[in-house]
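Hi,

Here's the structure I said I'd pass on.

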Amino acid sequence: MQIYCFHFLHLMMKQRILTGIVLVLAMICVFLLSGTWLYIAFCTALSLVGTWEMLSCTGNLKIKLLYVPSLVISALCPVLAHFVGIELLPVLMVALLFYLL
């Protein structure tokens, strides 16, 4: 039993280390490409994944009136921040908050 647990923990640690290496390499590539459309696409994808995870953790994926605008706003934020400027984002967040009320 103890050998099985050690083997399982060893596999988990190996997977975490491999995941960390892949993510560090991805982040280096993203920082080298900063300012390009690939950087905006990566930030948008990261924003969408984070929003999806938060909505699924809170159980709000069943409510379309909540998750659709949240995903749209999280997809628009990185794009608008790059093309329009960062000063538009607070207005967008206040509009989302009023929509959710």
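Which element gives the most to the nonpolar patch? That would be α1, with seven residues.

Before the rest, a word on the source. This is a predicted model, where local features need pLDDT of at least 70 and side-chain atom pairs count only at pLDDT 80 or more, while totals for chains, interfaces and linings use all residues. Residues are numbered from 1 along each chain as its sequence is written, and side-chain values use heavy atoms, with hydrogens and water left out.

The overall picture: four helices and zero strands, running α-α-α-α from the N terminus on. Helices here are DSSP runs of H or I with at least four residues, strands are E runs of at least two, and both are numbered from the N terminus. Of the 101 residues, 18% count as buried (under 20% relative accessible area; exposed is over 50%, partly exposed in between, with a 1.4 Å probe and protein chains only). Contact means heavy atoms within 4.5 Å; among contacts between residues at least 6 apart in sequence, 40% join residues at least 24 apart.

The protein exposes about 8,000 Å², and carbon and sulfur atoms supply 79% of that. Areas are Shrake-Rupley with a 1.4 Å probe, and for residues only the protein chains shown count as cover.

Back to that patch on the surface: Met13, Ile17, Ile21, Val24, Leu25, Ile28, Leu32, Leu33, Trp37 and Leu38 form it, with about 1,000 Å² of accessible area together. The elements giving two or more residues to it are α1 (2-32) and α2. Val24 is one of the patch residues and sits in helix α1. For the cut-offs, patch residues have over 30% relative accessible area and no salt bridge; nonpolar side chains (Val, Leu, Ile, Met, Phe, Trp, Tyr) are joined within 5 Å, like charges within 9 Å. A salt bridge is a Lys or Arg side-chain nitrogen within 4 Å of an Asp or Glu carboxyl oxygen.

Leaving out residues up to four places away in sequence, Thr44 touches Ala75, Pro78 and Val79.

Beyond four places in sequence, Thr51 is in contact with Ser70, Leu71 and Ser74. The side chains of Thr51 and Ser74 are joined by a polar contact of 3.4 Å (N or O atoms within 3.5 Å; within protein, one able to donate a hydrogen and the other to accept it, and residues adjacent in sequence count only if both atoms are side-chain atoms).

Cheers
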